[in-house]
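Please read the following report on a protein model with its sequence and structure at hand.

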Amino acid sequence: MNNSEAQGPLDKGNEKMETTTPSSLSSVAANAAAKKKPGSGALGVGLEARGIHAWFGDKMVLKDISLDFWSGTVTALIGPSGCGKSTFIRTLNRMHEFIPGAAMAGDVLLNGKDIYESGTDVTKIRLKVGMVFQKPNPFPSMTIADNVLAGLKLAQLKVQNKDDLLEECLVRAGLWSEVKDRLSAYGGSLSGGQQQRLCIARSLAVRPEILLMDEPCSALDPGSTLKIEETISELSSSMTIIIVTHNMQQAARVSDYTGFFLSDGGPGELVEVGPTSEIFSKPKDVRTENYVTGRFG
């Protein structure tokens with residue numbers, strides 16, 4: 001993705017992004033970074049969701065979701081509010097179970113092993129499957145440097161050279177040039193976009209294999225959104241990224257694959273998944289077509 005491609009739709013504001021015609025969405029997807037192919041490994045390679053169902057109390061909110069995620073790809077999850085996208089990604093690192101009354105059924109396989117298997121160390125799972133939330137959540141009373149390295153301390157991980165790791169994570173998160181001379185400043189002193197990239201750097205410090213992103217740009221201005229998208233593009237070469245977004249232009253720009261979720265008065269279901277360029281140009285399901293053309297949602 002180059003800057004000229006990304007800035008055009010961004011500078012129109014979020015409300016206009018959603019009214020983009022499907023032909024231009026498919027053009028954005030086709031002209032984005034060269035499409036990567038999914039892995040060809042046997043079952044048990046990468047991250048796999050199998051038959052995921054989820055409940056809040058007695059209410060089923062997700063029904064029978066199965067998806068594969070391969071290393072080196074970005075998958076965008078789109079769909080109207082309330083269709084279970086955020087709930088789904090929270091099942092992928094066992095954060096769903098934090099919510100009182102929440103339950104799930106199905107299998108989530110990381111490199112062939114079920115992360116819900118009895119005796120599994122949940123802390124280790126969350127080190128491998130990191131998460132960036134909708135609202136930036138740096139530790140405001142910690143310095144920028146301490147924020148990045150906080151996960152190491154919580155997980156009791158040791159590294160030989162923390163200074164090198166600090167710089168590496170901030171570089172990969174696209175923040176180093178902006179903060180290298182004030183690493184002792186508080187994390188809360190940064191702008192919203194910088195705080196979000198600081199949270200990404202914090203996630204990277206523990207070397208995750210997967211990065212989940214739940215609408216990471218929804219509270220950010222267009223310039224900060226562009227920088228986050230550039231960061232996603234850079235990171236995707238070395239890890240699996242799954243992003244929930246309501247911004248279809250963003251999905252077209254950053255993702256290799258797109259999954260469309262829909263709740264039609266019942267639990268959320270996966271209507272269709274495929275290469276992003278195909279989802280926005282020739283979807284197989286009429287409901288997907290109606291959504292990406294702006295007929296509803």
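The accessible surface of the protein comes to about 13,700 Å², and carbon and sulfur atoms hold 50% of it. Accessible areas come from the Shrake-Rupley method with a 1.4 Å probe, and for residues only the protein chains shown count as cover. This is a predicted model, in which local features need pLDDT of at least 70 and side-chain atom pairs count only at pLDDT 80 or more, while totals for chains, interfaces and linings use all residues. Residues are numbered from 1 along each chain as its sequence is written, and side-chain values use heavy atoms, with hydrogens and water left out.

**Overall organisation**

The protein has 297 residues, of which 51% count as buried. Buried means under 20% relative accessible area, exposed means over 50%, and partly exposed lies in between (1.4 Å probe, protein chains only). The protein contains 13 helices and 10 strands. Helices (H or I, at least four residues) and strands (E, at least two) are DSSP runs, numbered from the N terminus. Among contacts with a separation of 6 or more, 70% join residues 24 or more positions apart; contact means heavy atoms within 4.5 Å.

**The largest pocket**

Rolling a probe the size of a water molecule over the atoms shows where empty space is left. The largest pocket has a volume of about 610 Å³. On a 1 Å grid over the protein atoms alone, a pocket is an open set of points with protein on both sides within 12 Å along at least five of seven lines, the probe being 1.4 Å, and lining residues have an atom within 4 Å of a point. Grid points are joined across faces, edges and corners, and a volume is the space filled by probe spheres set on the points.

Which residues lie nearest the centre of the largest pocket? Of the 21 residues in its lining, they are Arg-126, Met-131, Gly-151, Leu-154 and Arg-202. The elements that give two or more residues to this lining are α5 (122–128), β6 (129–132), α6 (144–155) and α9 (192–204). The largest share, 4 residues, comes from β6. By class, the lining has 13 nonpolar, 6 polar and 2 charged residues. Ala, Val, Leu, Ile, Met, Phe, Trp, Tyr, Cys and Pro count as nonpolar, Asp, Glu, Lys and Arg as charged, and the others, Gly among them, as polar.

Strand β7 (residues 210–214) is largely enclosed by the rest of the structure, because 5 of its 5 residues are buried. Ile-210, Leu-212 and Asp-214 point one way from β7, whereas Leu-211 and Met-213 point the other way.

Two strands pair if DSSP finds at least two bridges between them. β6 and β7 pair in the parallel sense over 4 bridges, and Val-132 stands opposite Met-213 of β7. β7 also runs parallel to strand β8 (residues 240–244), to which 5 bridges join it. The bridge partner of Met-213 in β8 is Ile-243.

**An antiparallel sheet**

Another part of the model holds an open sheet of 4 strands in the order β2-β1-β4-β5, with antiparallel pairing. β2 (59–69) and β5 (113–114) stand at the edges with a single partner strand each, so one side of each is left without a neighbour in the sheet. Strand β4 (residues 102–110) and β5 are joined by 2 bridges, and Leu-109 has Asp-114 of β5 as its bridge partner.

| Residue | Relative accessibility | State |
|---|---|---|
| Ile-232 | 1% | buried |
| Ser-203 | 11% | buried |
| Glu-234 | 58% | exposed |

Ile-232 belongs to helix α10. Leaving aside neighbours within four places in sequence, Ile-232 is in contact with Val-74, Met-213, Ile-241, Ile-243 and Val-254. Glu-234 is also placed in helix α10 (residues 222–235). The C-alpha atoms of Glu-234 and Ala-173 are 8.5 Å apart, although 61 residues separate them in sequence.

Ser-203 lies in helix α9. Not counting residues up to four places away in sequence, Ser-203 touches Met-131, Val-132, Pro-208 and Leu-211.
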